[in-house]
Amino acid sequence: MIQKQAKTRNGAIDFWKFVFSIMVVQFHSSNLTEIKNTPFVGAAIAVEFFFLVSGYLMAASISRYREEDIMVGRDSRNFMLHKIKGLCPEIFIAWTIGFVVQHIAKKNVSPASLAKDLMTGVWDMFFLRESGLEGFKANPAAWYISAMLLAMLVLVPLFFKNRDVFLNVWAPVLAIAALGYLSKNVGDLRGPTDWLGLCYKGFLRAVGELCMGVICWGICQKLKELAYTRLAKALFTLLELFCYFGVIAWSYSHKGSQMDFVMLLLFAVGVVVTFSGHSLLSSFFNIPLVYFLGKVSFPIYLSHNYWSHALVRIYPGQTYAQLYPKYVLLTGLTTVVIYLTAAALRGIAPAFFAQCRKMLLAAEERK
């Protein structure tokens with residue numbers, strides 16, 4: 001049974017989530033041109049921040065369970081269902097929009113090909129793309145969601161089984177093994193849909209980086225136990241800014257390389273400092289506007305990639321300078337649609353499912 005605690009948002013994490021989601025949008029604008037030298041050509045590295053934060057939050061959530069009450073199978077299942085529930089309905093709204101947009105871009109779509117894409121798209125819709133099951137990819141950016149959930153499906157039961165062993169043994173071992181393999185055999189952290197023979201690169205990347213996020217959580221708990229002077233907090237602030245702005249500056253003009261792993265390490269240090277609350281900037285970001293930016297970062301991530309692929313087919317012959325404003329505008333409008341539609345669906349969902357339950361289940365089964 002999980003111990004009930006009041007949930008509070010970390011404004012600094014929300015702010016950086018927004019910044020790095022915008023960087024991912026800018027990175028995918030390179031799909032609008034054959035000349036891959038657009039600004040922030042290396043901004044795919046921003047996804048590493050999201051993996052680390054997800055690993056940290058996974059550890060924070062599991063740590064709130066009372067160990068004597070844990071049932072590994074039941075609690076692993078409930079954890080995963082809760083995680084998936086938090087991604088809905090945004091992920092399905094974005095999938096639907098992506099499916100429509102990409103078929104508008106295809107033009108002259110036959111009923112047979114449309115039906116095939118709809119049926120094979122089921123793997124993408126239900127987070128199984130990184131498993132190796134092939135099908136139509138309505139939202140290319142959703143690989144991250146699939147990789148994260150499939151990695152958690154492996155890691156969460158291990159974490160529940162023995163928290164101490166996972167935190168101090170399994171998380172470091174898996175992080176080093178996964179990232180070391182990628183460094184030696186691939187040389188960077190890009191190309192999440194590259195097949196490695198047993199799994200996709202994105203899945204292995206998720207395993208290693210979620211485990212790094214768990215390690216970040218463990219280090220952060222130690223930092224929180226200590227009181228620091230204002231000088232120490234100022235040094236923490238400088239370190240935090242150096243880590244994040246260092247990655248941003250590097251990603252402006254550098255593509256994937258062995259430096260990806262150094263950037264990942266900088267991200268990890270930044271995440272530890274930000275979650276510790278010891279940075280002088282921590283309280284600065286704890287305002288409603290920044291909380292909103294954090295909430296909207298997920299719809300932003302889900303709203304752009306299909307447009308970057310579709311616009312070059314909808315407007316063949318147009319230059320990057322002509323397509324880019326359309327890309328930004330359509331991404332913004334799609335973000336608003338996803339955000340508002342999801343909010344509306346969440347509002348009506350309880351009554352809707354209660355009515356379905358009433359219609360489909362006998363009275364004694366509803367009790």
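Modeller: Let's start with aspartate 14, which is buried at a relative accessible area of 3%. A word on the ground rules: this is a predicted model, where local features need pLDDT of at least 70, side-chain atom pairs count only at pLDDT 80 or more, and totals for chains, interfaces and linings use all residues. Residues are numbered from 1 along each chain as its sequence is written, and side-chain values use heavy atoms, with hydrogens and water left out.

Biologist: Why is aspartate 14 called buried?

Modeller: Buried means under 20% relative accessible area, exposed means over 50%, and partly exposed is in between (1.4 Å probe, protein chains only). Aspartate 14 has 3%, so it counts as buried.

Biologist: And what makes its link with arginine 9 a salt bridge?

Modeller: The term asks for a side-chain nitrogen of Lys or Arg within 4 Å of a carboxyl oxygen of Asp or Glu. Here the closest N and O atoms of aspartate 14 and arginine 9 are 2.8 Å apart, so the pair qualifies. Arginine 9 itself is partly exposed, at 36% relative accessibility.

Biologist: How many salt bridges does that rule give?

Modeller: The count comes to 12. One of them joins arginine 205 and glutamate 48, with closest N and O atoms 2.5 Å apart. That pair links distant parts of the chain: arginine 205 is in helix 9 (residues 201-224) and glutamate 48 is in helix 2, 157 residues apart. As for the helix labels, helices (H or I, at least four residues) and strands (E, at least two) are DSSP runs, numbered from the N terminus.

Biologist: What about lysine 137, which pairs with glutamate 134?

Modeller: Their side chains meet in a salt bridge at 3.4 Å, N to O. Lysine 137 has 30% relative accessibility, so it counts as partly exposed. There is a network too: salt bridges that share partners join Arg9, Asp14 and Lys17.

Biologist: Now the surface. What makes the nonpolar patch a patch?

Modeller: Patches are made of residues with over 30% relative accessible area and no salt bridge; like charges are joined within 9 Å, nonpolar side chains (Val, Leu, Ile, Met, Phe, Trp, Tyr) within 5 Å. Areas come from the Shrake-Rupley method with a 1.4 Å probe, and for residues, only the protein chains shown count as cover. This patch covers about 560 Å² and is made by Leu153, Val154, Leu158, Val165, Val169, Trp170 and Val173. Helix 7 (143-161) and helix 8 (163-185) are the elements giving two or more residues, and helix 8 gives the most, with four.

Biologist: Why is the second largest pocket called a pocket?

Modeller: On a 1 Å grid over the protein atoms alone, a pocket is an open set of points with protein on both sides within 12 Å along at least five of seven lines, whereas a cavity is a set where a 1.4 Å probe fits but cannot get out; lining residues have an atom within 4 Å of a point. Grid points are joined across faces, edges and corners, and a volume is the space filled by probe spheres set on the points. The second largest pocket comes to about 500 Å³. Its lining has 25 residues, with Phe27, His28, Ala44, Gly191 and Pro192 nearest the centre. Helix 1 gives the largest share of that lining, three residues.

Biologist: Which phenylalanines have positive phi, and how covered are they?

Modeller: Phenylalanine 40, with phi near 60 degrees, sits in the loop between helix 1 and helix 2 (47-63). Its relative accessible area is 22%, so phenylalanine 40 is partly exposed. Phenylalanine 127 has phi near 65 degrees and is buried because its area is 9%.

Biologist: What makes the bond between cysteine 88 and proline 89 stand out?

Modeller: That peptide bond is cis, with omega about 5 degrees. Proline 89 lies in the loop between helix 3 (72-87) and helix 4.
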